[in-house]
Amino acid sequence: MDERTLKVLEYYKITAMLESYAQSELGKELVRSLRPVADREKVIELLEETSEAESIIAAEGYGFVSSFPDIRLQLKRAAIGSVLTPGELLRVAEVLAQISSVTRRMNEYKRRPGLRIIPSLVGALTPQPELLRSINRCIESEDVISDNASPVLADLRRQIARANDRIRERLNSFLHSPQTLKYLQEPIVTIRNDRYVIPVKQEYRSNIPGIIHDQSSSGATLFIEPVSVVEANNEVRQLKLKEEEEIRRILAELTAMVAQVTDPILTSLEILAKLDFIFAKGAFSRTLRGVCPKIADRPSFRIVKGRHPLIDKDEVVPVSFELGKGFNILVITGPNTGGKTVTLKTAGLFVLMAQSGLHLPADFGTETGIFNDVFADIGDEQSIEQSLSTFSSHMTNIVRILEQAGPGDLLLFDELGAGTDPIEGAALAMSILDWLNSRGIRAMATTHYSELKVYALTRDGVENASMEFDVETLKPTYRLLIGIPGKSNAFEISRRLGLNIHLIENARQYLSKENIRFEDVLQGIEKSRVEAEQERLKAREYLEEADRLKAAYKAALDKFEENKSKLLEKARDEARSIIRDARANAESIIAELREAARELDAKELNRAIEQSRKKLKDTQEELEQKPKKPRSVAKPPKDLQLGETVHIVSLDQKGQVLSLPDANGNVAVQAGIMKINVHISDLRRTEDDKPRQVKTGRAVNLRMPSISPELDLRGQNAEDAMLNTDRYLDEAFLAGLKEVTLIHGKGTGVLRNAIQQLLRNHPHVDSFRLGKFGEGESGVTVVELK
């Protein structure tokens, strides 16, 4: 890719953002070396690995790779026979631990269908558990070799410790002896040149024979190794030399183990760096809320609500446009600071990002083809050193681009032909665009020239676009409008800013009639577009409202069907209860009859009893069956009256008429606690057809026994309490109570939670809350009924 274009489009700012997501220095190196590629299969693979990493991060919350050091130098030193230091071996162990961790995480991860690249990379890692255990066993830190490194080392250190203890015991005798204590500057034992010494006053140096190893800065204190401990110190010194020799042997042995597996470790290190790089791309995609673009078969792109990644996400305005499908050249017009240059950079940067394997901050439906190269002439590149004007500087760059560009390239021109005479500049711009169009080269160009607007309208393969401008607020909206050339707003802006109207009208006289007519046409197009946009928004609002109403109607219908089934089932339960009671009463009566009628004909009496039982059984079986819609041969009633009792065929229930049929034949009927609309064809007259007044709203059962506004549930288990509460709410609702109190006690909260779970879905409950101070607080729940 053209290096100048990468800088102009700020590609390196994108890679700098991506670099911050890499965990290791090796991963950051891969990010810094990232460049767009023009191989279609390679681009698809790069995007696929980003998508895999993004899906894993979305599922797990993090990637598989954490920070690890670069050990290439240590591996090279081990391979040539150098002995690694403890710190270097620990860095090797850190990489080995990372290899094992990534392998374990991949094995634990529940693989989703479609993962291919990351599992294969992880599968190529070569864990070295034996080497890792050896290093961790032998080395505690960069300065400490563990006693567990070898039995010889542990034995030497025990001997050194015992020898040091003997030396301290002998020196302590100097500290506690009244004869020698007066010769000491301080009663302490210290170390100089790895040998134990005591601080002796300068004037008493002859009183304690021994070797002087050091003196204080003032010269008042001499650090003397008494003769009595010289041999012991020599012994310690010899033991420490043996200790150092054993440590060198251990380090050499560990280094040799590393040298044997240098190649597998180096390969795994490279894979870790690649995985770190891939997961950095996945994390960056989630930050951008990016999507994986579809890769088109030809050099083209379609951007759906693309957001420039370097603009603050709360300020960026998404743009949607395409190139290379119905047209090859896009000419963008619009006011200064209206977003033309940002649109150019967005298009170029999206192509570079996609061909680098990065997801794009856009919506689904975004796609891009593979471009061989991207060239951009954007910004003011006036050169004082080379005595080049803005026009000359731009033209120098354009000449370079035209010499290198070919089919399959993308060219971006900001203010093409600007910086010189407008007529000549426009002519040059049209000539350049003609040349590009004839060779099938994709290009985008911004301009202020009206000639280019007309040019785009009259050339095949060239399309107009404009950046929308709100004349009322004198501010750009940053929306890109494809197919509509931008209108010059200089006169309107000047008028709203207070320029004398006579000056503006005088300026219009200097315009040619063709320009005036063209601007009027653009104004008409813009007006029609705004009106069409407003109508489209209204249509969308109406459609959304219709969808909401449809959903609400369906929910209401579903609720009605659910309540209907519940009521029927409840009625059957009550009927069964009545039958059980009747059976018990009948059996009692039959027993009494048998006792009282012993003198009657026993055979006739038994026959009557069996007939009664059979009738009772038939009634029970009839109730057990699902209710069927009766086939009524009667005709729908005519001349209905308010309050008249009717039979609802579809529900097999009676109800009272609340309203006369409307124009569609619908009648409002009160059926129990429900008020429903029924078509008159679903109604039949009953024997009890005397009209009576019926109040609308909630039905009140006047025969209902007195219902207490409180229900005490304490001492009941959750299942019994929920059953009793459900029955109580039905009775309270039918009795017309507006508010009731359920007493469940505080306790562990199990009963309270069960009751409140029931209340959340109960059809009679409008709302509920815990009791307030003086009401029972958390020991009661106050329920508002509908």
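How many of the 15 residues of H13 are buried?

1. The model is a predicted one, in which local features need pLDDT of at least 70 and side-chain atom pairs count only at pLDDT 80 or more, while totals for chains, interfaces and linings use all residues. Residues are numbered from 1 along each chain as its sequence is written, and side-chain values use heavy atoms, with hydrogens and water left out.

2. On the opening point, 13 of the 15 residues of H13 are buried, so the helix is largely enclosed by the rest of the structure; buried means under 20% relative accessible area, exposed over 50%, and partly exposed in between, with a 1.4 Å probe and protein chains only. Helices (H or I, at least four residues) and strands (E, at least two) are DSSP runs numbered from the N terminus.

3. A nonpolar core is a set of buried Ala, Val, Leu, Ile, Met, Phe, Trp, Tyr and Cys residues joined through side-chain atoms within 4.5 Å. The largest such core has 91 residues, of which Ile118, Leu275, Phe301, Phe321, Leu412 and Met444 touch the most other members, and helix H12 (residues 262-288) gives the most to this core, with 13 residues. A second, separate core has 22 residues, including Ile432, Leu436, Ile441 and Ala456.

4. Leaving aside neighbours within four places in sequence, Phe301 is in contact (heavy atoms within 4.5 Å) with residues including Phe321, Ala347, Val351, Phe371 and Met444.

5. Four strands form an open sheet of mixed pairing in the order E20-E21-E23-E22, where two strands pair if DSSP finds at least two bridges between them. Strands E20 (710-712) and E22 (765-770) stand at the edges with a single partner strand each, so one side of each is left without a neighbour in the sheet. The twist averages 20° from one strand to the next, with axes fitted as lines to C-alpha atoms, for helices over the stretch in contact, and angles running from 0 to 180 degrees between N-to-C directions.

6. Within this sheet, five bridges join the antiparallel strands E21 (residues 739-743) and E23 (residues 780-785), and Ile743 stands opposite Val780 in E23. Helix H21 (residues 718-734) packs on the sheet, touching E20, E21, E22 and E23, and its direction makes about 160° with that of E21.
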